[in-house]
Amino acid sequence: MAQSDPVKVLDVCRVAPMPHTPNSTAQTSLPLTFFDLLWLRFPPTQRLFFYKLSYPETTRIDTILPKVKHSLSVTLQHYIPLAGNLTWPLDSGKPIVQYNEGDAVSLTVAESEANFYQLSGNSFREAKELHHFLPYLLASQTRVPAMALQITLFPNAGFCIGYAAHHTVFDGKSIAMFMHSWASICKHDGESTLIRELNPIYDRTIVKDPSDLQKAYLNGWPEDNGANERSLEFWDIEAPPDAMLGTFQLTKANIESIKKWVEAKWQEKHTEKQAFHPSTFAITSAYTWVCLIKTRKLTTEKVHLGFMVDCRARLEPPIPSTYFGNCVTGCFIDADTNKCMEEDGVAIAAWAIGEAVGGLDDGVLKGAKELIPNYLSRLKEGGLVTIAGSPRFELYKTDFGWGRPSKVEMVSIDKSGAFYLSDSRDGNGGIEIGVVLKKHETEAFASLFASGLEYHQVREN
């Protein structure tokens, strides 16, 4: 295999849902809700799941690939729309997810002699190197697949499963449900009755839209961000040529140390107010955000943090946790740049995040009509950092029968510039944080991240 070509494609096949019984009521088309339309032209979400596994050639041919393909076909019985396409019929004002007989998911099988351990490590790596192990979603103005998959085999080291998923079709919770279902079915030799607690609910009538958010989201993006108003082509967002992906961890002990410090700072400065108890999300996000502000030496007067909130349990009435599709809204926080760079910066950021999350109790969709203008104005102003992923997805529990992943990487943050949050591989309550930086910023971030943990450890002791 040539040095310049790290991946050799062995096969490109199409995996269709296993045929259902004649009396099946499987869902074959999905109308889009306002939650879905928000993501219409965003580039695909891309993740890699790396699995360490030493195996002889015969195991690869006779065991791994057949099991993974068969279990995918069985899983698609429950997730039929994923084998279909997002299409925009001429007679419709909005697209629809449609599965037709003969549709299937594209699965690329490849082999690589690249360094598995370096690729699946935590150290900074060039983002473009990881794209070799991901599939592409080819979009036209009227049609784009819901998802595509790639399995890359690394001889004597392991394999990785990569996906490209259309964000209009599903949010992070939904794609995690699909991956957990697929892994469980593979691990149990095609037995799909074991995933009942993950059975997707497709009923779109349970999503109410009294404020006509559908219209706001369908017409809310300026045309210069898309090819034209009826196009399904993705925004052409390029990652910086020197984009580097790295992974950092906050252990449970780290989080508790910072939490106690933030609570003490609150008591010190707000003696007349009730005690403040920040969540793990607030602490992790604030700590990472401040490290990024300092690393990037942001000069805007204000800095902004944007993150998505799962609305399923927050709607009135709430909708089931296994509702499949998008059911998230955005939340923005604005803070004084200089204050975030001061000694109390992490505390100030954590307070702001905690206050914003608490405000969602007044109505999770309050102000949702202004979500797109709010995002675009902050993007234009500069100083915007966004968060992707969630530890609640428990992606390190995605076991296909060969053990937990040695690494889960969200590669698509190289385009968005977001940082992502995930559960940690060892399952001890820590949080894994993926960041994307320009090459010259990597050392500064790593130093700030490490020294900040030392500072909070000393303060606790």
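Start with Lys69, which forms a salt bridge with Asp11, the closest N and O atoms being 3.6 Å apart. Keep in mind that this is a predicted model. Lys69 sits in helix H2, residues 57-78, and Asp11 in strand E1, residues 7-15, so this pair ties together parts that are 58 residues apart in sequence. Lys69 is partly exposed, at 26% relative accessibility. Asp11 is partly exposed as well, at 30%.

How many salt bridges does the structure hold? The count is 16. Let me pick out two others.

Next is Arg125 with Glu409. Their side chains meet in a salt bridge at 2.7 Å, N to O. Arg125 lies in strand E7, residues 125-126, and Glu409 in strand E15, so the pair ties together parts 284 residues apart in sequence. Buried or exposed? Arg125 is buried, with a relative accessible area of 5%. Glu409 is buried too, at 0%.

Then Asp399 and Lys187. This salt bridge comes in at 3.0 Å, N to O. Again, the pair links distant parts of the chain, 212 residues apart: Asp399 is in the loop between strands E14 and E15, and Lys187 is in helix H5, residues 172-187. Asp399 is buried, with a relative accessible area of 15%. Lys187 is partly exposed, at 41%. There is also a network: salt bridges that share partners join Lys265, Glu268, Lys269 and Asp344.

The structure holds one cavity of 30 Å³ or more. The space in the largest cavity is about 30 Å³. Glu409 comes back here, because its lining includes Arg47, Glu409, Met410 and Tyr420. Strands E15 (407-410) and E16 (419-423) are the elements that give two or more residues to that lining. By class, the lining has five nonpolar, three polar and two charged residues.

On to the second largest pocket, with a volume of about 480 Å³. Of its 22 lining residues, the closest to the centre are His131, Tyr136, Ile237, Glu238 and Lys415. Helix H4 (127-130) and helix H12 (413-416) are the elements that each give two or more residues to the lining. That lining divides into 15 nonpolar, two polar and five charged residues.

Last, cysteines. How many disulfides are there? The count comes to zero. For Cys160, the nearest cysteine sulfur is that of Cys186, 15 Å away. Cys160 is buried, at 0% relative accessibility. For Cys331, the nearest cysteine sulfur belongs to Cys311, 10 Å away. Cys331 is buried, at 9%.

Terms used:
Residues are numbered from 1 along each chain as its sequence is written. This is a predicted model: local features need pLDDT of at least 70, side-chain atom pairs count only at pLDDT 80 or more; totals for chains, interfaces and linings use all residues. Side-chain values use heavy atoms; hydrogens and water are left out. A disulfide is a pair of cysteine sulfur atoms within 2.5 Å. Buried means under 20% relative accessible area, exposed over 50%, partly exposed in between (1.4 Å probe, protein chains only). On a 1 Å grid over the protein atoms alone, a cavity is a set of points where a 1.4 Å probe fits but cannot get out, and a pocket is an open set with protein on both sides within 12 Å along at least five of seven lines; lining residues have an atom within 4 Å of a point. Grid points are joined across faces, edges and corners, and a volume is the space filled by probe spheres set on the points. Helices (H or I, at least four residues) and strands (E, at least two) are DSSP runs, numbered from the N terminus. Ala, Val, Leu, Ile, Met, Phe, Trp, Tyr, Cys and Pro count as nonpolar, Asp, Glu, Lys and Arg as charged, and the others, Gly among them, as polar. A salt bridge is a side-chain nitrogen of Lys or Arg within 4 Å of a carboxyl oxygen of Asp or Glu.
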